[in-house]
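Thank you all for coming. I would like to take a few minutes to walk through one model, and I will go slowly for anyone who has not seen it before.

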Amino acid sequence: MPKTLILCDCAGSQSIDSEALSRSTGLPCSKLHSALCTDEIDQAAAALTQGDAIICCAQEHRIFEALAEEIDAPAPGFTDLRDRAGWTADTASTLPKMTALIAEATLAPASAKTIDIHSEGLCLILGAPDVAFAAAERLQDSLAVTVLLDTPHDPPHSRAYDVISGQLRHAKGALGQFAVTIDQLQQLDVTGRSWTWGEARNGGQSICDIILDLRGGQPLFPAPEKRDGYLRADPKSAPAVAEATLAASQLVGIFEKPLYVRTEPLLCAHSRAGQTGCTRCLDICPTGAISPAGDHVSIDPMICAGCGSCASLCPSGAITYDAPPTDALMRRIQTLTKTYLDAGGRAPRLLVVDNHGGEMIQLAARFGRGLPADVIPLNVEALNSFGHAETLAALAAGCGEVSILLSPRAERDVQEHEIALAAAIAGPHVHLLDVADPDALSDHLFDVTPPQAQVETPQRPMGTRRQITRQAAKALVPTAETLPLPEGAPYGAVLVSSDNCTLCLSCVSLCPSGALGDNPDLPQLRFQEDACLQCGLCATICPEDAITYEPRLNLTSDALSQVVLHEEEPFACVECGSLFGVKSTIDKITEKLAGKHSMFANPDAARMIQMCDDCRVNAQFHQQNSPFAGADRPKVRTTEDYLSKRKDH
């Protein structure tokens, strides 16, 4: 059964052609309402009872959700046509954009993966006595509170909360699982008439569910605003302290935390054999949720804030964003662009925003010029999860340009890196917008000359992010063979110095992606460029410093097959003639050792250097003073030997 569109022009403030919209979307539309959330609420109720409804208004979603629950109707879907399309100063037709936004709203939402967090309300308050005690007084009825003072102080004569003294040395964890270590710990002895402080000791350990930091100094954690359960406020600001205290009082119970990323440890190129390779995710994680774990990295889901930076920068796909999954985001991009073009639009501009950007669009629509008719907004959960692969996929699908509206919560350096990489492949059709004023956003979008489509025939690449990047690049730059990329790009070639390489193949044994390989029959170093992650492991392990890198994207078929980087003439065994080793290496070893080392002083021993493994073992076994030879085996004693010594025989 197709979904039904419930339309409202919001008191006549926007223009919607319901018949044209029904034809372009292929979905039945209601009549065009004007006051669906107020005077025509009964008609909204009647529409909801039919099921499979999409209400084209997001402002009053709470009213319609409550209405559906009240009349026991299925919860409707929502899409915002007014702020994103209807309220605009652009006189061009908004039908293609509305059609695209509705098509996006009909996509099935990706299932969310979550983990339960249990908080019993154990709260540790840090700060000066006056502000900490005041916060404890407000929280004592809802939380189990402990106040930590830097130095012993006259405690309040109350047992509603605990007071300890000490220096907080270390804290780790997140909501529901904080662990703290305290030095100079002194506990309060509350027996007797006068309360006294106990003896100080170091290394005291405890756990808590919530930390309320009112010290006003350095935060306990990196990116403190992204650490669940860690609340921090300036003690000099009474409103800030009150807000943090109120927030702490609500952190009791069972909470669902999204599992933001998915990991594939076998694909990780972090290290091999104790040698460090790729550290992109470790270097960028703002919360410190990622740590080394042998050959791969480990992500603490309790600390992960879901910024998506690690997934965008991961060269191998060992970390992928999963809230929602990458393929769901790609499907949204392709649906928006295809539907817009099918509805008669040309070269749409994709504007990528998060919640912050979504609010700016709403303000720009209500109080300003709104968005141009060819600008399609794409709301994402985490701005940094939209990387170069997604950008290139949008351009290949028919977009004229892609703009990303920077958010205060997003890591700017990640966006700059990904945009530089996308621009190196697709040209100057990718922009990072750093504006905080809704009017400035509208002015910028209206003042730009509408771009042309970057491809003649839209392409919709599929696969992993690396595969999508390659497919999109071939569509965007069909005549190019090799595109130079900026430093730090996850695509490129391995360059080997023939003068230095000895074909020891250490690089082959450590390559995590199989980009480097050998030939079991000949001394060769082979390379498949499409698989190279530019992780740095081969250059790190090379004993001759023979390996360097060239960041580039090779679009030829050579990148998909193995090519020989370096090869030499094999050496023939002087005994059996079988090929083994590298001739130059064997000659060099013979020159350095024959007659110059005690083990190879005589010609027969030196000749063993030029033998294969089997012949060398055979020669050693038969040589004089063979290391494999032992003393003669003792003669076997028989029954006759024993009987011959008996006196009765």
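I will start with how to read the model, then turn to its sheets, its helix packing and a few details of the backbone.

What we have here is a predicted model, in which local features need pLDDT of at least 70 and side-chain atom pairs count only at pLDDT 80 or more, while totals for chains, interfaces and linings use all residues. Residues are numbered from 1 along each chain as its sequence is written, and side-chain values use heavy atoms, with hydrogens and water left out.

Two strands pair if DSSP finds at least two bridges between them.

Let me begin with an open sheet of four strands, whose order is β21-β20-β22-β23 and whose pairing is parallel. Its edge strands are β21, residues 375–379, and β23, each of which pairs on one side only. Neighbouring strands in this sheet are turned against each other by 20 degrees on average, with direction ignored; axes here are lines fitted to C-alpha atoms, for helices over the stretch in contact, and angles run from 0 to 180 degrees between N-to-C directions.

Within that sheet, strand β22, at residues 401–405, runs parallel to strand β23, at residues 430–433, and four bridges join them. If you look along this pair, you will find Val402 with Val430 in β23 as its bridge partner, and Ile404 standing opposite Leu432 in β23.

Which helix lies across β20, β21 and β22? That is helix α11, residues 355–367, which runs at about 120 degrees to β20, and contact throughout this talk means heavy atoms within 4.5 Å. Helix α12, residues 388–396, also packs on the sheet, where it touches β20, β22 and β23, and its direction makes about 145 degrees with that of β22.

That brings me to the helix pairs. In general, two packed helices are described by the angle between their axes and the distance between the axes.

The axes of α12 and α13 come within 8 Å and cross at roughly 40 degrees, and the crossing is right-handed, meaning that the near helix is turned clockwise from the far one by less than a right angle, with anticlockwise counting as left-handed. The contact is made by His388, Thr391, Leu392 and Leu395 of α12 and by Glu418, Leu421, Ala422, Ile425 and Ala426 of α13. By class these are six nonpolar, two polar and one charged residues, counting Ala, Val, Leu, Ile, Met, Phe, Trp, Tyr, Cys and Pro as nonpolar, Asp, Glu, Lys and Arg as charged, and the others, Gly among them, as polar.

Helix α11 has a partner too, namely helix α14 at residues 438–447, and the axes of these two come within 8 Å and cross at roughly 80 degrees. They are therefore roughly perpendicular to each other, a label that covers 65 to 115 degrees, while under 35 counts as roughly parallel, over 145 as roughly antiparallel and the rest as oblique. Met360, Leu363, Ala364 and Phe367 of α11 make the contact with Pro438, Asp439, Leu441 and Ser442 of α14.

Elsewhere, helix α6, residues 129–139, and helix α7, residues 238–249, pack at an angle of about 40 degrees with their axes 10 Å apart, which makes α6 oblique to α7. In this contact Val131, Ala135, Arg138 and Leu139 of α6 meet Val241, Thr245, Ala248 and Ser249 of α7.

Finally, some backbone details. Most residues other than glycine have a negative phi, and most peptide bonds are trans. Against that background, the peptide bond from Ala323 to Pro324 is cis, with omega near 5 degrees, and Pro324 lies in the loop between β19 and α10. Leu503, in the loop between β25 and α16, has a positive phi near 60 degrees. Gly294 also takes a positive phi, near 80 degrees, in the hairpin of β17 and β18, which has two residues between the strands.
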